[in-house]
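Please work through the exercises below with the sequence and the structure at hand. Each task is followed by a worked solution.

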2 protein chains.
Amino acid sequence: MTRHRVTIADIARGCGVSTATVSLVLRGSPLTATATRKKVEAEIRRQGYVYNRAAANLRQRTSSSVALVINDLSNPYFAEFAAGVDETLGSRHYVTLLGSTNESTERQRQVLASLIEHAPAGIILSPAEYSDGERLHAIIGAHTPVLVFNREPPHADWAHSHWDYLALDNRRGARLATEHLLALGHRRIAFFGGHASSSSCSERREGYAGAMVHAGVEIDAAWLVESAPTRLAAAQETAALFACDRAPTAAVCYNDAVALGLMLGLAAHGRRPGRDFAVTGFDDIPEAAVSMPPLTTLATDPRARGRQAAERILARVLAPEADGTRCVAPVHLVARGSTCPPVYD
Amino acid sequence: MTRHRVTIADIARGCGVSTATVSLVLRGSPLTATATRKKVEAEIRRQGYVYNRAAANLRQRTSSSVALVINDLSNPYFAEFAAGVDETLGSRHYVTLLGSTNESTERQRQVLASLIEHAPAGIILSPAEYSDGERLHAIIGAHTPVLVFNREPPHADWAHSHWDYLALDNRRGARLATEHLLALGHRRIAFFGGHASSSSCSERREGYAGAMVHAGVEIDAAWLVESAPTRLAAAQETAALFACDRAPTAAVCYNDAVALGLMLGLAAHGRRPGRDFAVTGFDDIPEAAVSMPPLTTLATDPRARGRQAAERILARVLAPEADGTRCVAPVHLVARGSTCPPVYD
DNA sequence: GATACGATTTGGATCGTTACAAAAATCGAG
DNA sequence: CTCGATTTTTGTAACGATCCAAATCGTATC
């Protein structure tokens with residue numbers, strides 16, 4: 001256990017060739033004679049040599065890692081995203097450097113500073129809430145390609161940076177959900193949950209408002225309810241929906257967690273979601289399909305988003321000078337039991 | 001963007017000192033005069049230098065990373081575990097190398113081989129199902145400390161290896177759940193879900209059987225039902241419970257996913273969990289608290305387990321020669337609405 | 001003003017690998 | 001056999017940091 005790590009020098013010595021030759025064999029170069037290659041490979045197995053990629057990266061001024069910084073790993077949506085990222089990076093022989101920030105910008109700063117010292121080829125960043133674009137630039141610098149996922153931090157000067165952006169089609173998703181409810185006959189539709197200051201929430205609100213305006217329905221200010229994007233916070237805000245005169249008969253929720261929380265809250269208020277109140281979510285987390293009632297929501301396929309993010313950052317690594325691109329991933333409505341025609345009190 | 005990476009040589013040149021001095025400043029050595037330190041620090045900021053930890057690690061023959069290999073990242077339980085690991089590693093200035101295997105031993109082999117080339121200081125491994133201990137040893141070799149989490153692969157020669165092991169107290173957990181049901185008056189109690197070949201499932205079955213025997217209740221073979229440990233598979237196996245004469249009135253489930261699946265399946269069979277059939281889970285995933293009815297289960301605090309795993313692997317890195325240790329983490333019963341007294345048909 | 005001693009600074013070798021240019025080995029043709 | 005053209009192989013200088021021994025700098029002491 002104490003023996004030093006086996007190096008190519010040990011292999012070279014062990015079978016009477018130079019380190020350069022061993023290196024060629026390791027990289028499968030066609031420059032080596034078959035006989036020597038066989039000999040070297042045998043010695044490698046005999047001594048249990050393992051390649052030191054860090055040394056190779058240093059010499060070649062390359063990197064074989066990509067950093068993945070996630071704001072909330074305990075959210076199944078992001079966990080699934082991370083799995084997708086790792087899947088694609090792994091298949092391209094990159095390794096994933098993980099950092100989770102728990103939605104703390106301070107921790108995000110530390111995590112990024114630490115990861116950058118490992119010289120990742122690129123960074124996939126799902127920013128913590130309230131992140132600031134300028135500040136992120138200052139921490140990361142201009143040398144590492146970045147793909148920002150999901151949220152758009154304010155003050156990010158996209159025009160002049162080379163950062164890429166990947167997000168969901170929040171507007172269209174919320175519009176689809178709203179149109180679905182309108183088609184069922186609802187007119188008093190709330191937009192429930194999320195922090196309006198976040199880009200994803202405001203985009204979803206825009207989609208919702210767009211559909212309402214298009215249908216000629218005026219939005220009552222009391223129908224816009226904020227909450228932290230968690231189940232618990234959402235459940236606690238339920239009462240706010242019924243505080244006004246023209247109480248809504250349906251709600252477009254910020255995401256599935258909020259929708260599930262709202263359904264719990266409704267039960268506590270004696271209303272049955274899917275029977276006398278309609279609810280939609282956003283994300284289609286696994287739980288949505290099996291909740292009671294099953295949740296009508298917008299599928300976003302986080303694992304596919306993860307794969308996509310990995311593809312894009314690797315593409316960017318190969319073409320660092322290209323302008324930053326913005327990509328909006330499609331979402332599609334999955335209608336389930338949580339939506340029903342309106343029932344008025 | 002094309003400019004080469006700034007190195008300590010650039011800093012040294014930029015303020016007329018040697019690279020050795022810059023290195024001392026970077027490491028906060030007390031050997032440097034205050035004036036030069038100030039000068040060097042200013043130059044570092046001016047040029048936007050970032051430390052290259054890979055180069056330092058190479059020279060020092062150290063490592064500042066720990067590999068985390070997870071069998072199923074999309075399972076919230078493991079995602080939470082990963083978040084705990086990363087939290088502790090980050091606070092100790094280590095970086096997490098992530099690898100997810102999706103329960104495939106083949107992918108696990110690739111992932112481990114790739115991660116080892118990055119010379120992690122240690123590996124935290126939650127093995128894919130059907131992993132083999134000997135094979136894992138062959139892939140990883142004897143030089144990297146390993147902490148195995150959650151599952152115990154067969155053929156692992158713990159006595160002679162230095163590998164550590166961290167698991168949940170599966171036996172006690174299942175015993176607590178079973179005793180809880182017995183105390184409610186149940187006698188016909190099933191053990192539902194999981195693959196009996198896995199170590200965690202067989203341990204839980206032992207705990208269940210122990211409690212039953214202790215209470216003087218004989219177990220009907222028809223009460224032992226296997227299923228893949230997913231919600232869907234569990235829901236589909238529900239019928240198997242009611243195929244026998246003496247149908248059970250309660251079930252101890254392999255884990256929460258299985259329990260939630262069973263509750264769905266029960267509803268489809270016209271039985272109401274928590275009213276006329278009692279169900280317990282294992283893990284206490286966030287969803288358990290908010291399902292309908294809320295699930296009685298065993299809390300294992302996966303984030304704390306993650307922190308614990310990180311602590312232990314770092315301790316092992318400092319003392320590589322010590323014997324491998326086995327540690328069993330406590331679990332505790334959380335009684336909720338899914339358990340009720342028995343109702344016979 | 002020479003000496004000594006602690007406080008700072010520094011050249012140069014080194015970690016494990018690869019790039020490059022040049023050397024050595026091999027081979028077929030004349 | 002010799003010669004030129006291929007194949008193979010190899011010495012050596014990097015990559016960016018750190019270690020170590022030795023050099024340099026003050027400045028207090030006699």
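This is a predicted model: local features need pLDDT of at least 70, side-chain atom pairs count only at pLDDT 80 or more; totals for chains, interfaces and linings use all residues.

**Exercise 1. Describe how H4(A) and H4(B) are oriented towards each other.**

Solution. 
- Step 1. Two packed helices are described by the angle between their axes and the distance between the axes.
- Step 2. Helix H4 of chain A and helix H4 of chain B each span residues 53-60, and their axes come within 10 Å and cross at roughly 125°.
- Step 3. Angles of 65 to 115 degrees count as roughly perpendicular and those over 145 as roughly antiparallel; H4(A) and H4(B) are therefore oblique to each other.
- Step 4. The crossing of H4(A) with H4(B) is left-handed.

**Exercise 2. Identify the residues through which H4(A) meets H4(B), and classify them.**

Solution. 
- Step 1. H4(A) contributes Ala54(A), Ala55(A), Asn57(A) and Leu58(A), which meet Ala54(B), Ala55(B), Asn57(B) and Leu58(B) of H4(B).
- Step 2. Six residues of this contact are nonpolar, two are polar and none is charged.

**Exercise 3. Determine whether Ser64(B) is buried, partly exposed or exposed, and list its contacts remote in sequence.**

Solution. 
- Step 1. Ser64(B) lies in the loop that links H4 to strand E1 (65-70) of chain B.
- Step 2. Within 10 Å of Ser64(B) there are 19 other C-beta atoms. A buried residue has 20 or more and an exposed one 12 or fewer, so Ser64(B) is partly exposed.
- Step 3. With neighbours within four places in sequence left aside, Ser64(B) contacts Arg53(B), Asn57(B), His93(B), Tyr94(B) and Val95(B).
- Step 4. For Val95(B), the separation from Ser64(B) is 31 residues in sequence, while the C-alpha atoms are 6.3 Å apart.

**Exercise 4. State which residues and elements surround DNA strand C.**

Solution. 
- Step 1. DNA strand C is surrounded by 29 residues, of which Thr7(A), Ser23(A), Asn52(A), Thr36(B) and Arg59(B) are the closest.
- Step 2. Two or more residues each come from helix H1 (8-15), helix H2 (19-26) and H4 of chain A, and from helix H2 (19-26) and H4 of chain B.
- Step 3. H4(A) gives the most, five residues.
- Step 4. The surface near DNA strand C comprises 14 nonpolar, 10 polar and five charged residues.

Terms used
Residues are numbered from 1 along each chain as its sequence is written. Chains are lettered from A and ligands numbered from 1 in the order in which they are written. Axes are lines fitted to C-alpha atoms, for helices over the stretch in contact, and angles run from 0 to 180 degrees between N-to-C directions. Helices (H or I, at least four residues) and strands (E, at least two) are DSSP runs, numbered from the N terminus. Angles under 35 degrees count as roughly parallel, over 145 as roughly antiparallel, 65 to 115 as roughly perpendicular and the rest as oblique. A crossing is left-handed if the near helix is turned anticlockwise from the far one by less than a right angle, and right-handed if clockwise. Two residues are in contact if their C-beta atoms, placed from the backbone, lie within 7 Å. Ala, Val, Leu, Ile, Met, Phe, Trp, Tyr, Cys and Pro count as nonpolar, Asp, Glu, Lys and Arg as charged, and the others, Gly among them, as polar. A residue is near a molecule or strand if its C-beta atom, placed from the backbone, lies within 6 Å of it.
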